[in-house]
Each structure stands twice: as C-alpha cells, then as structure tokens.
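Reader: I am new to this structure and would like to learn how to read it. Could you take me through a few features, one at a time?

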Amino acid sequence: MTLLKNRREIVDRKALMAEVAGLLDDMAPDSNTFRSAFLSVCKDTLAKGRAEVEKRFNKGAGGEATVRGNAFLVDQIIRVVYDTARTEVYPVRNPTAG
C-alpha cells in the first residue's frame, strides 16, 4: 500500500474552508450569489488538484498513487461541501440530543 505524500499540495482543506468563510463574510449562505461563488471555488480547487495529480503522474507516480490522489481530492471537496451545507446553508435551528 502506497501512502499519499504531500497531500496538502493536492488540496488543503483548511485553506479551502477559510476561502469559503471569506465568501460567507460577504454573502448570505442561502443566496444564489454565494452558491455561484462557492461552486466556482470548488471547481477551481478541483482543477488545481487535478493538475497537481497529473504533474505527479507525469513525473513517474504510479497508478495507485494517482488514484489515491484523485480520491483524496474529491473526498476533501465533498467534506467542505457537506460541512458548509450542514453548518451554514441548512443549520439545525433546534438541535436535540436525539
């Protein structure tokens, strides 16, 4: 099993969350403007991450490392989308223990 090295070069989830927080400072989370900007940030992150994975592949990374890199990239973007939707767009108004 090959470990994925320098994962933050592919995608830095904390930096992505900070960028999303910056959007939320300027826009309402339920606005179409926010959704459009958020989608643009996610697409840009995906493109940059794919470029990094491709660069690694062209420098000799194997198939397993390439697949792991792409999976890591998509997983982190999905985490950011989920966390943003859960906490900002559709927050629980009255959380319960259940």
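Reader: In which helix do Phe 34 and Phe 38 lie, and how many residues apart are they?

Author: Both lie in helix α3 (residues 32–58), four residues apart, about one turn of the helix. Helices here are DSSP runs of H or I with at least four residues, numbered from the N terminus. A word on the source: this is a predicted model, where local features need pLDDT of at least 70 and side-chain atom pairs count only at pLDDT 80 or more, while totals for chains, interfaces and linings use all residues. Residues are numbered from 1 along each chain as its sequence is written, and side-chain values use heavy atoms, with hydrogens and water left out.

Reader: How do I read an aromatic pair, and how many does a search of the whole structure find?

Author: A pair of aromatic rings is described by the distance of the centres and the angle of the planes. Rings of Phe, Tyr and Trp (its six-membered ring) pair if their centres lie within 6.5 Å; planes under 30 degrees apart count as stacked, over 60 as edge-to-face and the rest as tilted. The search finds one pair. The ring centres of Phe 34 and Phe 38 are 5.5 Å apart and their planes are at 10°, so this pair is stacked.

Reader: Is Phe 34 buried or exposed?

Author: Buried means under 20% relative accessible area, exposed over 50%, and partly exposed in between (1.4 Å probe, protein chains only). Phe 34 has a relative accessible area of 1%, so Phe 34 is buried. Phe 38, at 12%, counts as buried too.

Reader: Which residues have the most contacts inside the largest nonpolar core?

Author: A nonpolar core is a set of buried Ala, Val, Leu, Ile, Met, Phe, Trp, Tyr and Cys residues joined through side-chain atoms within 4.5 Å. The largest one has 17 residues, and Ile 10, Val 20, Phe 34 and Phe 38 have the most contacts inside it. Helix α3 gives the largest share of this core, six residues.

Reader: How do I read helix packing, and at what angle do α2 and α4 pack?

Author: Two packed helices are described by the angle between their axes and the distance between the axes. Axes are lines fitted to C-alpha atoms, for helices over the stretch in contact, and angles run from 0 to 180 degrees between N-to-C directions. Helix α2 (residues 13–26) and helix α4 (residues 63–89) pack at about 35°, with axes 10 Å apart. Contact means heavy atoms within 4.5 Å; among the residues making it are Val 20 of α2 and Thr 84 of α4.

Notes. Helices (H or I, at least four residues) and strands (E, at least two) are DSSP runs, numbered from the N terminus.
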